[in-house]
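Hi there,

Here is the structure I promised to pass on, together with my notes. Have a look at it first, and then read on below.

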Amino acid sequence: MTDLILHHYEASPYSERIRTLMGFKGLSWSSVIVPPIAPKADLLTLTGGYRRAPVLQIGADIYCDSALIAAELDQRFPARALAPNTAGTATPLLDNWADRILFWQVVRYSMGLRADAVPPALIHDREAFWDHKIDLDGLKADVGYHRGQITTGLGWLENLLGGADFFAGDTPALTDLALYHVVWFFAKADTTASGSGLSLFPALSAWMARIAEFGHGTRTELAPAEAIIIAVSTTPAPLPATGLAHPAIGASVQVLVDEFGTEVIDGTLVHIDDTRIILHRDTPQVGTVAVHFPRHGYPLRTTSI
């Protein structure tokens with residue numbers, strides 16, 4: 001089965017990364033909207049506990065993390081491929097900086113701008129998820145500081161991009177998408193706050209426009225219950241032919257997330273290699289599903305050996 005089902009919500013920056021990739025590749029996909037805060041019962045039924053957006057579903061195979069989703073889509077639809085993150089270049093470092101530093105600077109800035117209007121339910125949800133208190137007054141007071149940090153980073157990107165169309169040259173790479181969704185997030189928040197947005201960064205503005213032209217592909221809405229029916233009525237795809245001889249293959253394990261959050265996903269380890277972890281999960285609600293995670297950033301903990 002090659003039908004693509006994206007579980008996402010409109011304001012999710014990481015979902016925008018994948019929606020844009022769908023557009024770049026000219027793909028047709030089904031859209032399942034998940035709530036931005038708990039409860040996310042239908043999504044958790046499929047993933048076993050991973051609650052972030054986006055999640056890609058292809059039949060009974062569930063792909064978590066936008067970097068893994070992008071890699072999977074690039075492998076399945078190579079006709080219009082992303083430029084590779086070439087060894088020896090700065091692109092892998094840019095991906096990491098975008099996800100782990102710039103993104104959180106934009107989150108703090110955006111929350112500080114909206115400190116007086118952030119719904120209490122959202123605050124309670126994120127505090128439980130991140131396992132720490134959110135100081136809205138502090139974020140509000142530090143709006144100028146965070147904006148300065150962001151615009152310094154945008155200046156670096158402006159100089160790095162120069163006159164190129166994309167950060168890897170003539171063709172967009174995963175780096176472009178990793179940066180795009182964060183800059184998109186900032187530009188929306190800053191423009192709403194009557195800031196200058198990207199007006200001081202003409203190369204970045206032109207780059208944003210080029211990526212926005214990709215659109216989001218052909219989108220069809222799908223109810224969450226229908227996505228679960230699809231998972232129940234199919235079986236996971238065959239496992240990759242090559243993998244590591246890990247001692248926990250066939251054993252009960254837990255996958256965690258090392259960046260932030262409190263998710264723990266239980267399942268049977270059926271495949272592991274240098275880039276991917278695959279668990280099989282059997283539940284009355286969905287039968288057998290294969291849940292895929294990146295190797296990087298997702299610690300594996302054995303529970304039965």
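In which helix do E16 and R19 both lie, and how many residues apart? They both lie in helix α1, three residues apart, about one turn of the helix. Helices here are DSSP runs (H or I, at least four residues), strands are runs of E with at least two residues, and both are numbered from the N terminus.

Before going further, please keep in mind that this is a predicted model: local features need pLDDT of at least 70 and side-chain atom pairs count only at pLDDT 80 or more, while totals for chains, interfaces and linings use all residues. Residues are numbered from 1 along each chain as its sequence is written, and side-chain values use heavy atoms, with hydrogens and water left out.

Salt bridges

Back to that pair: the side chains of E16 and R19 form a salt bridge, at 2.9 Å from N to O. The term stands for a side-chain nitrogen of Lys or Arg within 4 Å of a carboxyl oxygen of Asp or Glu. Side chains of opposite charge can pair when their charged atoms come close. E16 counts as buried because its relative accessibility is 4%, and R19 is buried too, with a relative accessible area of 1%. For these words, buried is under 20% relative accessible area, exposed is over 50%, and partly exposed is in between (1.4 Å probe, protein chains only).

By this rule the count comes to 14 salt bridges. Another of them pairs the side chains of E263 and R52, at 2.8 Å from N to O. This one links distant parts of the chain, 211 residues apart: E263 is in the loop between β6 (252-256) and β7 (264-272), and R52 is in the loop between α2 (41-47) and β3 (55-58). Both E263 and R52 are buried.

K140 also forms a salt bridge, with D116, and their closest N and O atoms are 2.7 Å apart. Here K140 sits in helix α6 (residues 136-141) and D116 in the loop between α4 (91-113) and α5 (120-130), 24 residues apart. K140 is partly exposed at 40% relative accessible area, whereas D116 counts as exposed at 67%.

The largest nonpolar core has 62 residues, and L73, L154 and W207 have the most contacts inside it. Helix α8 (residues 174-192) gives the most to this core, with 11 residues. A nonpolar core, as used here, is a set of buried Ala, Val, Leu, Ile, Met, Phe, Trp, Tyr and Cys residues joined through side-chain atoms within 4.5 Å. Apart from this core lies another, of 27 residues, including I228, I272, V286 and Y298.

If you zoom in on L154, you will find V183, F186, L198, F201 and L204 in contact with it, leaving aside its neighbours within four places in sequence. Contact means heavy atoms within 4.5 Å. With the neighbours within four places again left aside, S110 is in contact with F185 and A189. S110 lies in helix α4 and is buried, with a relative accessible area of 7%. W104 has its place in helix α4 as well, and at 14% relative accessibility W104 counts as buried.

Cis bonds and positive phi

Two backbone features deserve a look on screen. A cis peptide bond joins A38 and P39, with omega about 5 degrees; P39 is in the loop between β2 (28-33) and α2. A cis peptide bond also joins A53 and P54, with omega about 10 degrees, and P54 lies in the loop between α2 and β3.

As for phi, D65 has a positive value near 90 degrees in a residue other than glycine. D65 is in the loop between β4 (61-64) and α3 and counts as buried at 18% relative accessibility. S194 is not a glycine either, yet its phi is positive, about 65 degrees. S194 is placed in the loop between α8 and α9 (202-212) and is exposed, with a relative accessible area of 69%.
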